[in-house]
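Trainee: I have a new model on screen. Walk me through reading it.
Mentor: Gladly. Look first, then ask.

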Amino acid sequence: MNFFHKIIRDETILVKIKKKSDISFWQYQILGLLSLLINNSKDYFFITEKRVLLIVKNEIITNIEYQDFDKISFNSLNDTLKISIKENEKKTISLKLLRLSYEEIQYLKKTINQ
């Protein structure tokens with residue numbers, strides 16, 4: 001958990017989602033049932049005033065700096081986030097790895113698509 005705090009140390013967090021990591025039975029086969037019970041890892045999604053940070057199973061998936069928060073858009077139909085990286089360059093980020101719940105989708109729509 002502390003490794004991403006170093007990345008966003010001096011930045012204001014505008015959006016934060018914290019979820020329990022998904023673990024599949026087939027990943028650990030015989031110990032799968034036991035691992036389901038003792039799974040303590042978390043997934044994180046942050047939007048700060050400078051960057052978008054997505055961490056899944058303690059691995060940084062996305063760490064992108066963007067230009068303007070007002071130009072970020074969230075598409076709830078396919079769980080994608082569109083950001084403006086440079087003046088004429090846009091990037092699409094998939095949030096499917098987070099397995100967003102209905103409440104989290106509503107939170108993102110309210111916060112981002114004001």
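Trainee: Which pattern does the protein chain follow along the sequence?
Mentor: Keep in mind that this is a predicted model. The chain reads α-β-α-α-β-β-β-β-β-β-α. That comes to four helices and seven strands.

Trainee: How much of the protein chain is buried?
Mentor: Buried means under 20% relative accessible area. Here 39% of the 114 residues qualify as buried. The chain exposes about 7,500 Å², and carbon and sulfur atoms supply 51% of that area.

Trainee: What share of the contacts joins residues at least 24 apart?
Mentor: Start from contacts between residues at least 6 apart in sequence. Of these, 52% join residues at least 24 apart.

Trainee: Now single residues. Is D43 buried or exposed?
Mentor: Compare its accessibility with the cut-off, under 20% for buried. D43 has 0% relative accessibility, so D43 counts as buried. D43 belongs to strand β2, residues 42-48.

Trainee: What does the side chain of D43 reach?
Mentor: The backbone nitrogen of K57, at 2.9 Å.

Trainee: Where is N78 placed?
Mentor: In the loop between β5 (73-75) and β6 (80-84). N78 is at 33% relative accessibility, so N78 counts as partly exposed.

Trainee: Which side chains make polar contacts with the side chain of N78?
Mentor: The side chain of N75 does, at 3.3 Å. The side chain of T80 does too, at 2.9 Å.

Trainee: What separation do the C-alpha atoms of N78 and L95 have?
Mentor: 8.5 Å, with the two residues 17 apart along the chain.

Technical notes. Residues are numbered from 1 along each chain as its sequence is written. This is a predicted model: local features need pLDDT of at least 70, side-chain atom pairs count only at pLDDT 80 or more; totals for chains, interfaces and linings use all residues. Side-chain values use heavy atoms; hydrogens and water are left out. Helices (H or I, at least four residues) and strands (E, at least two) are DSSP runs, numbered from the N terminus. Buried means under 20% relative accessible area, exposed over 50%, partly exposed in between (1.4 Å probe, protein chains only). Contact means heavy atoms within 4.5 Å. Accessible areas come from the Shrake-Rupley method with a 1.4 Å probe; for residues, only the protein chains shown count as cover. A polar contact is a pair of N or O atoms within 3.5 Å; within protein, one must be able to donate a hydrogen and the other to accept it, and residues adjacent in sequence count only if both atoms are side-chain atoms.
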